[in-house]
Amino acid sequence: MSTTDRPLRSGQWFGAEGRNGFIHRSWMRNQGFADDVFDGRPVIGIATTWSELTPCNAHLRDLAESVKRGVWESGGLPLEFPAMSLGEPLMRPTTMLYRNLLAMELEELVRANPLDGVVLLSGCDKTTPGLLMGAASVDLPTLMMTGGPMLNGKFRGQDIGSGTVVWRFTEEMRAGRMTAADCAEAEVGMSRSRGHCMTMGTASTMACVTEALGVQLPGAAAVPAVDSRRYALAHAAGRRIVDMVEQDQRLSSVLTRQAFENAIRVNAAIGGSTNAVVHLLAIAGRLGVPLSLEDFDTLTADVPMLVNLMPSGAYLMEDFAYAGGLPAVMTEIAPLLHLDHVTVSGKTVADNISGAQCWNRDVIGTMAEPFQAAGSGTVVLRGSLAPSGAVLKVSAASAHLLTHTGPALVFDRIEDYVVAADDPDLDVTPETVIVVRNAGPRGYPGFPEVGNVPMPRRLLADGITDMVRISDARMSGTGYGTCILHVAPEASVGGPLALVRTGDLVRIDVPTRRLDLLVDDDELAQRRSGWQPPRPTADRGWTRLYSEHVLQADRGADLDFLVGGSGSAVPRHSH
Ligand code: FES
Ligand code: MG
């Protein structure tokens, strides 16, 4: 029996008398539940983004079994259900086109069903923010459990990181320093176990960020997917969600402004992905928590990067877990965190991290001896080329390019650039600024990860490995390079990026956070008068809905009508 006096929403289904109660219980009994499971106990939905098309999430149904153990043990009724799965390795044109669709689906599924609390099982990049956005708009007691990273990749005695090694080795192959056979061997060695990318890419970043937000149990972000401790944590998560329902600890009470500030600081300390910026803005938008692009810059100015993981560093998530994982990082930056913030564990951040230790200082540095100095995280640039902002991950960039003026080489389509990049006669120098546009939320459509555009073959052959690249796209969290991303407004809604021409001078000045197009106003006004918006890319279906309603990067690229929430009120009867 539920120990709460408060009527649970599931009671309006399973506690109903007459025809509706008959219907709601009878069909559920075909699953062989004992008579007393409909006695008013908390009903816990376990939303799984399991799919064999999403290898990073292919073990989540096993993890769900461990969550169920805990729910049963604490007197709840666990019911697992699928939510749309989004897998980076396969989905085209980009999973980001579908993040908001997952959010919308999860929101509606949770509200429409007899659920009192939800455990969210995610892994691959977009599944974590998509589920959280949807859950935030319903605001039931909610706990997230990410699926954990793969074991370290291995290649000829070296550790190799998913994503990062793909970008690096394929560039080596283009430069003629590796063969296709070498790469085939790396392909086999990179993905050795179940789990998500084991670099500090977007999946690992979002796992850490959710732990820092306080919506997953302490320590849960880093433990490898195949480690028995992850299953023990899932068992504990199942127990805890029942308590959360009985205490009515709703998601909005966890995801406060304080939680976001902690997450933003932790993201800087781990050297997290630029994608966290977009996702956190979107989640905050669902809850009405005020959060701006500048928060990601100002809140992190005093946060050094402590974690030495690829793509910026040397190690991988497995090493991070054994070194103490996120609790060890949060202990180190504790003076910068809101320690009294209450998390899904039912305890404060201070309680969660008390006793945490670091076991390997090569992997997790200290405030006194960080891996990289403060200010090496994500910076926000504004200026005549990006009036609504752009971002740059300093730790992935080259120091000599942080202040740079060079001539633009402009491409309207990423496909055109990819062809040109292999042209041995491409008119390009190390000073050139590559501009790729129409790759934003509306333009592509779907805001793909094409912003770390490959280096021109001609420069690679000369040993040049980095140059300034600017786009309205995103970049994989495993990517690197001096890539200015998320330029807003994007080109296809008429942002200044649309007006740049090859040869125009572009100035980047990270110390003053500026990104400017050095073309005078009269000339720009003239160009604008001749600008035509591109034709819509779809005349029906989800892509049309998305393109008509997607917000710009500085608003998290949510759909305008999905911002905010509708709560968990029980809908009208279906029969
Ligand atoms: Fe799924 Fe990287 S591809 S986590
Ligand atoms: Mg990724």
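Which residues does UniProt list for "domain: Dihydroxy-acid/6-phosphogluconate dehydratase C-terminal"? In this unreviewed entry, UniProt lists residues 362-557 for that domain, with positions given in the numbering used here, feature names shortened, and annotations that may be inferred rather than shown by experiment.

The structure is a predicted model, in which local features need pLDDT of at least 70 and side-chain atom pairs count only at pLDDT 80 or more, whereas totals for chains, interfaces and linings use all residues. Residues are numbered from 1 along each chain as its sequence is written, while chains are lettered from A and ligands numbered from 1 in the order in which they are written. The mean pLDDT of the chain is 96, and 99% of its residues reach 70 or more, where pLDDT is the predictor's confidence in each residue, from 0 to 100. The model scores ipTM 0.92 and pTM 0.97.

Over residues 362-557 the chain is 16% helix and 21% strand, and the C-alpha atoms at the ends are 37 Å apart. Helices (H or I, at least four residues) and strands (E, at least two) are DSSP runs, numbered from the N terminus. The UniProt annotation "domain: Dihydroxy-acid/6-phosphogluconate dehydratase N-terminal", also from an unreviewed entry, covers residues 41-352. That span is 48% helix and 9% strand, with its end C-alpha atoms 28 Å apart.

**Helices that pack together**

The table gives the angles and distances between helix axes, which are lines fitted to C-alpha atoms, for helices over the stretch in contact, with angles running from 0 to 180 degrees between N-to-C directions.

| Helix pair | Angle | Axis distance |
|---|---|---|
| H3 (residues 60-73) and H9 (residues 228-246) | roughly 40° | within 7 Å |
| H5 (residues 127-138) and H12 (residues 275-287) | about 10° | 8 Å |
| H8 (residues 202-213) and H12 | about 45° | 10 Å |

How are H5 and H12 arranged, roughly parallel or roughly antiparallel? Their angle makes H5 and H12 roughly parallel to each other, since angles under 35 degrees count as roughly parallel, over 145 as roughly antiparallel, 65 to 115 as roughly perpendicular and the rest as oblique. The contact joins residues of H5, including Leu-132 and Met-133, to residues of H12, including His-279 and Ile-283; two residues are in contact if their C-beta atoms, placed from the backbone, lie within 7 Å.

H8 is oblique to H12, and H8 passes H12 in a right-handed crossing; a crossing is left-handed if the near helix is turned anticlockwise from the far one by less than a right angle, and right-handed if clockwise. Thr-202, Thr-205, Met-206 and Val-209 of H8 meet Asn-275, Ala-276, His-279 and Leu-280 of H12.

H3 and H9 are likewise oblique to each other, and their crossing is right-handed. Among the residues that meet here are Leu-63 and Val-67 in H3 and Tyr-231 and Ile-241 in H9.

**Backbone features in loops**

Most residues other than glycine have a negative phi, and most peptide bonds are trans. A cis peptide bond, with omega about 15°, joins Met-310 and Pro-311, and Pro-311 lies in the loop between helix H13 (295-298) and helix H14 (317-322). The peptide bond from Tyr-444 to Pro-445 is cis as well, with omega near -5°, and Pro-445 lies in the loop between strand S10 (433-436) and helix H18 (457-461). Asp-248, although not a glycine, has a positive phi of about 50°, and this residue is found in the loop between H9 and helix H10 (251-254).
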